[in-house]
Amino acid sequence: MRALVVDPGAPGALRLGTAPEPRPTPGQLVLDVRHISLNRGEVVFAGRRPAGTVHGYDAAGIVVRAAADGTGPAVGARVAAFGEGAWARRMAVDTASGAEVPDEVGLADAAALPMAGVTALRTLRSRDILGRRVLITGAAGGVGRYAVQLAALGGAHVVASVGSPARAAGLAGLGAHEVVVGLKGVDRPVDLVLDNVGGPQLAAAWELLAPGGGVVNIGWASEEPAVFAPYSLFFVGPSKTMSTFGDVHEVGPDLATLLGFLAAGRLSPEVDWRGSWEQVADAARALLDRRIAGKAVLDVGPGAAD
């Protein structure tokens with residue numbers, strides 16, 4: 001079958017090639033993939049994986065083989081899925097890592113959700129945000145644009161930080177109460193930081209935390225080290241915390257929640273780039289150059305207009 005495979009010599013280290021058909025375990029369904037979405041981190045790390053590896057985690061399509069153990073949706077169901085090896089014509093995925101797509105939601109929009117949407121949702125659930133000040137760095141990216149919307153839905157005062165004035169476009173309309181470049185203009189403490197940037201900005205965001213506040217490090221787009229001044233992590237009063245996020249286990253229920261928000265018009269999929277997977281090099285370069293605000297979705301094959 002056709003698949004996007006790792007090729008260190010190709011643009012973005014990805015090219016269309018071939019791969020074996022998936023061999024599902026009893027708890028996995030097989031999806032006829034119609035759309036996939038790219039995340040910038042996946043593109044950055046593609047070249048570090050073995051050549052020939054089927055890459056990617058986000059897909060949406062039609063079930064062509066139900067799970068042998070009887071769990072999950074039936075053949076013919078429209079499903080969004082999160083699983084390794086998603087960027088292929090067919091993928092095997094755990095039934096606990098997929099969710100049926102409501103009729104009101106297009107499969108292309110559903111494909112944009114899994115990694116970025118679940119990351120934003122689960123990170124915001126790490127603490128009570130109702131009436132709190134939430135700072136989201138890298139807010140123009142895939143995780144960032146979902147986080148802005150979900151934080152606003154959760155009743156937070158949302159501060160969206162971007163890397164340049166051009167990247168600020170549209171964020172106020174998604175629910176951001178303040179939009180800043182870097183951290184300039186953030187003049188009051190914040191209760192929660194969702195950090196997608198790392199580097200010096202992470203150290204500066206730590207200094208903005210209110211007593212008892214927390215930083216969750218999601219990404220490290222700056223690719224620069226974060227240096228903390230001596231004793232800057234010491235604080236007298238309610239503990240400040242810094243933690244990582246990487247929990248993508250059994251995302252099906254959370255993915256269903258996000259799809260419900262899409263169906264109800266409470267969440268925008270934020271698909272800024274869409275084209276055939278034959279154009280993967282163009283999409284990868286646009287992501288790496290930060291010319292995409294939100295998500296890039298690729299159409300895989302027959303039925304791609306669904």
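**A buried alanine and the salt bridges**

Modeller: Let me begin with Ala205, which is buried, with a relative accessible area of 0%; buried means under 20% relative accessible area, exposed over 50%, and partly exposed in between, with a 1.4 Å probe and protein chains only. This is a predicted model, in which local features need pLDDT of at least 70 and side-chain atom pairs count only at pLDDT 80 or more, while totals for chains, interfaces and linings use all residues. Residues are numbered from 1 along each chain as its sequence is written, and side-chain values use heavy atoms, with hydrogens and water left out.

Colleague: OK, which helix is Ala205 found in, and what is Ala205 in contact with?

Modeller: Ala205 is found in helix α6, residues 199-207, where helices (H or I, at least four residues) and strands (E, at least two) are DSSP runs numbered from the N terminus. Leaving aside neighbours within four places in sequence, Ala205 is in contact with Leu135, Leu183 and Val193, contact meaning heavy atoms within 4.5 Å.

Colleague: Switching topic, how many salt bridges are there?

Modeller: The count comes to 15 salt bridges, each being a side-chain nitrogen of Lys or Arg within 4 Å of a carboxyl oxygen of Asp or Glu. One of them joins Arg15 to Asp7, with the closest N and O atoms 2.9 Å apart. Arg15 is partly exposed at a relative accessible area of 37%, and Asp7 is partly exposed too, at 23%.

Colleague: And what does Arg122 form a salt bridge with?

Modeller: Arg122 forms a salt bridge with Asp254, the closest N and O atoms being 2.6 Å apart. Arg122 lies in helix α3 and Asp254 in helix α7, so this pair ties together parts that are 132 residues apart in sequence. Both Arg122 and Asp254 are buried.
The side chain of Arg122 also meets that of Asp247 in a salt bridge, at 3.3 Å from N to O. That pair again links distant parts of the chain, 125 residues apart, with Asp247 in the loop between β13 (241-244) and α7 (252-263).

Colleague: Next, at what angle do α3 and α7 pack?

Modeller: They pack at an angle of about 95°, with their axes 10 Å apart; the axes are lines fitted to C-alpha atoms, for helices over the stretch in contact, and angles run from 0 to 180 degrees between N-to-C directions. The helices α3 and α7 are therefore roughly perpendicular to each other, a label that covers 65 to 115 degrees, while under 35 counts as roughly parallel, over 145 as roughly antiparallel and the rest as oblique.

Colleague: Which residues meet there?

Modeller: From α3 there are Pro114, Gly117, Val118, Leu121 and Arg122, and they meet Asp254, Leu255 and Leu258 in α7.

Colleague: Last one, which residues of α7 are buried, and what covers them?

Modeller: The buried residues of α7 are Gly252, Asp254, Leu255, Leu258, Leu259, Phe261 and Leu262. What covers them includes β5 (78-82), β7 (98-100), α2 (107-111), α3 and α4 (142-153). Just after α7, Gly265 takes a positive phi of about 75°.
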